[in-house]
Amino acid sequence: MSGNGKSGSQNAWGDRIRALRNVPPVLKILWDSGPSVVTWGLSLRIVVAAMPWAIAGVASRIIEGVKQSVDHQPLQPHFAWLVGAEVALAIVFSALTRAIDYTDSLLADRYTHHVSIEVMRQAARLDLTTYEDPDFYDRLERARVQATDRLAMIQQMGRLFLQVLTTIIWSAQLVWYSPWLMLLLVVGVLPAFFGETHFAFLGYAKNFRQTPIKRVMDYLRQVGGSKEAAKELKLFNLSDYLTNRFAALSEQIYKENVDLSRRKLMWGGLLSLLGTCGYYGAYVFAIWEALHGKYNVGAFFLITTSIQQASGNLQQAFSTASGIADQALFLTDLIGFFELKPIVQSKPNALPAPKPIRRGFEFRNVSFAYPGTDRRVLKNFNFSIQPGQRVALIGENGQGKTTVVKLITRLYDPTEGQILLDGIDLREYSLDDLHREMGVIFQDFMRYEMTVRENIGVGQVEIPHSDAEIALAAEKSLAAEVVKKLPGGYDQMLGRRFVSGLDLSGGEWQRIALARAYLRDAQLLILDEPTAALDAKSELEVFERFAELTSGKMALLISHRFSTVRMADRIVVLAGGRLVEEGTHQQLLALGGQYAEMFEMQAASYR
Ligand SMILES: Nc1ncnc2c1ncn2[C@@H]1O[C@H](COP(=O)(O)OP(=O)(O)O)[C@@H](O)[C@H]1O
Ligand SMILES: [Mg+2]
């Protein structure tokens with residue numbers, strides 16, 4: 001689906017009607033967030049819709065009674081009961097109205113909760129590819145906002161239900177007296193309805209146009225207040241520059257908003273004037289008929305109340321409905337986001353990952369271009385890694401090493417060729433199961449602003465870990481030394497976002513991240529240059545320790561430093577998307593090719 005904003009008005013009505021398709025899925029989301037609350041809300045509304053009618057019915061009898069008494073006729077024996085019933089009805093009505101507010105507020109909370117969770121779940125399900133698409137970001141952004149910003153819509157739906165019911169009840173009462181009255185009211189209200197929906201659509205188109213601008217603004221605001229940028233902001237004196245850009249964009253948005261509001265004020269006012277005319281037309285008609293002796297006083301009271309209620313509720317129902325149509329337009333992105341399907345996913349009846357892996361992974365003539373690009377990062381790449389083998393994948397920056405990791409972990413699928421695990425295509429296996437067997441620390445690993453324990457524990461969240469297990473993983477990755485120096489130990493909060501949080505150096509973070517891979521009881525461990533922050537000597541230490549700890553296991557070590565991977569069982573040199581050399585350190589040195597040359601060059605630089 002493309003996220004292009006169609007702002008032309010030729011599509012206006014089509015878009016408007018299409019947006020109403022969002023209403024059923026939203027109703028389903030509402031229902032899913034709290035079936036019992038929804039049921040209560042609807043039942044209460046049915047009762048509440050009928051109550052004003054009952055109250056007015058009783059009132060008309062009271063008025064009739066009073067009139068008879070003024071005319072010197074005896075009061076009816078049940079007159080006192082009528083008054084009592086009127087009071088009781090009013091009390092119950094007010095209590096039920098409050099109960100509706102209560103169920104609404106419960107539903108709003110549940111809805112926010114439910115949708116936020118579903119958005120996170122869906123975001124996690126989607127392909128990595130999706131995240132590289134700027135359109136997707138706009139949509140995700142809108143979906144996020146919509147998750148919580150559309151609460152008004154829920155209240156409006158409840159209100160619409162009530163208004164429609166109320167209108168039906170009063171209209172029935174009116175039509176029972178005279179159908180013409182009803183017709184007058186409808187004709188008066190329709191223009192206002194079309195006016196409302198038209199402006200709702202314009203508002204949506206405007207917001208759609210503004211989303212990219214708002215993203216830029218968010219970015220500016222974020223850079224302006226970020227820790228990472230603070231140094232450069234001061235040195236380059238960038239603050240004013242950023243602030244001015246932000247102000248200009250903000251001004252632009254404000255102007256557009258004001259412009260629309262003005263037009264809405266004028267036209268909306270004019271159109272609602274028509275509704276008022278319809279209402280008073282009906283009113284005058286009723287007075288005229290009453291003066292000609294068609295109804296008694298009680299009936300006249302009931303008719304005028306009906307006109308007032310039917311007209312009021314009808315008008316409100318139309319405006320609520322167009323409000324909902326407006327909100328529904330905004331939900332296009334949320335619903336669209338929920339409808340996105342990941343491409344990389346488990347087949348039905350996918351195979352479980354082999355335990356243990358017997359023959360290992362094999363890339364067979366794999367070519368790969370990132371989605372949306374033509375350049376093949378890997379070209380007929382052939383490569384294998386067997387159980388018990390520690391393979392080092394080396395190559396200069398940008399040769400496609402990380403891409404190999406993304407393919408073996410099925411974050412992407414190859415464009416051509418196959419990746420096999422124990423002789424079977426990777427796509428045949430269950431994705432979750434496959435991921436369970438892999439422990440990967442990427443170059444750009446995450447620094448979770450959580451405690452040390454959590455930072456390590458996320459390496460395998462499926463099961464709880466004892467302190468001893470966490471500590472053992474930390475020992476292996478040399479993170480234990482870092483933890484020893486922290487005042488909070490394993491409960492130390494990391495990062496600067498939260499109170500008492502402590503930031504670590506790049507190398508320290510890297511050790512913590514590495515502990516995650518060790519915690520994981522995976523069959524394949526992958527270390528993708530998480531050492532970028534380290535000098536060659538420290539990288540060598542990390543790799544030697546990794547090699548030592550993974551001895552006899554299947555491990556993939558990735559580096560652009562030829563001088564740090566000699567302890568691997570097999571070294572694979574990647575250049576131009578192809579495997580160019582392969583062998584042990586000694587074999588490759590003896591070969592005197594690219595590896596030997598780069599090794600000599602890089603080893604010399606830190607000797
Ligand atoms: N998400 C992406 N979209 C498009 N091109 C990418 C993406 N990620 C990496 N590339 C390109 O693919 C090539 C290989 O990248 P990568 O595998 O990260 O190299 P290495 O890990 O060897 O440094 C680079 O030219 C890089 O620009
Ligand atoms: Mg890389």
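Helices in this talk are DSSP runs of H or I with at least four residues, strands are runs of E with at least two, and both are numbered from the N terminus. Good morning, colleagues. The structure before you is a predicted model, in which local features need pLDDT of at least 70, side-chain atom pairs count only at pLDDT 80 or more, and totals for chains, interfaces and linings use all residues. Residues are numbered from 1 along each chain as its sequence is written, while chains are lettered from A and ligands numbered from 1 in the order in which they are written.

I begin with Ile100, which belongs to helix α4, residues 79–125. Leaving aside residues up to four places away in sequence, Ile100 touches Gly41, Leu44, Arg45 and Val48, where contact requires C-beta atoms, placed from the backbone, within 7 Å. The C-alpha atoms of Ile100 and Leu42 are 8.7 Å apart, although 58 residues separate them along the chain.

I turn now to a helix pair. Helix α3 (residues 35–70) packs against helix α7 (residues 151–177) at about 35°, with 9 Å between the axes; axes are lines fitted to C-alpha atoms over the stretch in contact, and angles run from 0 to 180 degrees between N-to-C directions. The contact includes Gly41, Leu42 and Trp53 of α3, and Phe161, Leu165 and Trp170 of α7. By class, it has 11 nonpolar, 4 polar and 1 charged residues. Here Ala, Val, Leu, Ile, Met, Phe, Trp, Tyr, Cys and Pro count as nonpolar, Asp, Glu, Lys and Arg as charged, and the others, Gly among them, as polar.

Next, the ligand. Which residues are closest to ligand 1? Of the 12 that surround it, the closest are Tyr370, Gly398, Lys401, Thr402 and Thr403, a residue being near if its C-beta atom, placed from the backbone, lies within 6 Å. Helix α13 (residues 401–408) gives the largest share of this shell, 3 residues. The shell divides into 2 nonpolar, 8 polar and 2 charged residues.

Finally, some backbone details. Lys355 and Pro356 are joined by a cis peptide bond, with omega about -5°, and Pro356 sits in the loop between α12 and β1. Ser500, not a glycine, has a positive phi of about 65°. Ser500 is exposed, because 9 other C-beta atoms lie within 10 Å.

Note on methods
Contact = placed C-beta atoms within 7 Å. Buried ≥ 20, exposed ≤ 12 C-beta atoms within 10 Å, placed from the backbone.
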